[in-house]
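Me: Please go through some local features of this model, one question at a time.

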Amino acid sequence: MSAKVPRLVEGNSSGMGNWATLQNDIIGIIIKKLAIPDYIRFRAVCTSWNHACRDVSNRPRVDPWLMLPPIQLGAQFFCVPERKNQIIHLPSTVSLFGSLWAPIGSSHGWLIYFSQTHGTMQLVNPISGTQIQLPPIGRRAFSKAMLLEMNERNFIVAVLYGDQKGYKVTRKGSNSWSSVESKHILDDIIKHRGQLYTCDMYGTVELWAEPPRAWPDEEVTHQWRFRCLVETPAGDLIRVKRQSQNKFAVWILDKETFSWVEIDNIEPLALFVSYYNSVCFLAKDHPNLKANCIYFIDTNNNLCAFNLENGTKELVETLAIGLARNDYYRRPLRDQLLWFIPSLK
């Protein structure tokens, strides 16, 4: 069942003069330079601008947003390229009768919310306002949820537990969750080129296919370290490991040898990593983004960039994030934030 919730505040057209008569090719150039919030306001100005926005070749710029702890006005996001906050009111996710909806994942332009009070989950698109209720999953807390697939025909959601092996999965049209076993507790899961990959608590990456493949971590240790899997815009699979508080290492899955190769240059890419999800962008397509950098939250809860070339950390933004929500696993505040990629689909 789907429903609509209020969206970003629309603009008005007072005092626009003859701007409505701008040529379509000029309007198209303007649209491609707009971030999504400005694009939404832009198309509300007049009929001709709205019509130009319907042209599929005129798409706005899609930026990485960092979702911050909610405030009274609604969900709060920090747009990295523009260095400013966006606030979107999502009444379906506020605290009702003691039930707190907490974001526990994001992908494909959707947020995944969980209410431990009622043991229920929902998908929410903050831009379109669409909601999708998922089957009841129970009140037991888990570490994260991943939207593995989202299209007009189907969606797939997987849930990982921080203290239990395997994962649970549901898809469009299902009224329950299925359990899948694994050898160890899983840290991350991703669907890449139609196949499922996981990374477990010891750093072993596994391809769930026939025949299955597994790549153990080069470093043999029982100490937990942050690891994640990221797909690039070109369709490559990248593995990231946090080696220390302010240092990361990166590997890419070689398509020919089907083996992991460590790299120290990811140009022209910029990576954005967090406990809940990680994403990748072409830096040149966004203002104020630096290529060959990994954006992350440091121990002081600041947004920083790790430069792979020279191994240095740079402060990007001091985040005023206030108090975080109560976290079941008592993770540090920096691990309770996630990346969101807004989508008009």
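Me: Which residues make the nonpolar surface patch of about 290 Å²?
Reply: This is a predicted model, in which local features need pLDDT of at least 70, side-chain atom pairs count only at pLDDT 80 or more, and totals for chains, interfaces and linings use all residues. Residues are numbered from 1 along each chain as its sequence is written, and side-chain values use heavy atoms, with hydrogens and water left out. The patch is made by Trp19, Leu22 and Ile26.

Me: Is Leu22 buried, partly exposed or exposed?
Reply: Leu22 sits in the segment before helix H1 (24–32); helices are DSSP runs of H or I with at least four residues, and strands are runs of E with at least two. Buried means under 20% relative accessible area and exposed over 50%, with partly exposed in between (1.4 Å probe, protein chains only). With 31% relative accessibility, Leu22 is partly exposed.

Me: Which strands stand at the edges of the open sheet of 4 strands?
Reply: The order is S4-S5-S6-S7, with antiparallel pairing, where a pair needs at least two DSSP bridges. Each edge strand has a single partner, so one side of it is left without a neighbour in the sheet. The edges are S4 (101–107) and S7 (131–133).

Me: Which residue in S6 stands opposite Tyr113?
Reply: Strands S5 (residues 110–115) and S6 (residues 120–124) run antiparallel and are joined by 5 bridges. Opposite Tyr113 stands Gln122.

Methods. Patch = residues over 30% accessible without salt bridge, like charges linked within 9 Å, V, L, I, M, F, W, Y side chains within 5 Å. Areas by Shrake-Rupley, 256 points an atom, 1.4 Å probe, with all protein chains shown as cover. Salt bridge = Lys/Arg side-chain N within 4 Å of Asp/Glu carboxyl O.
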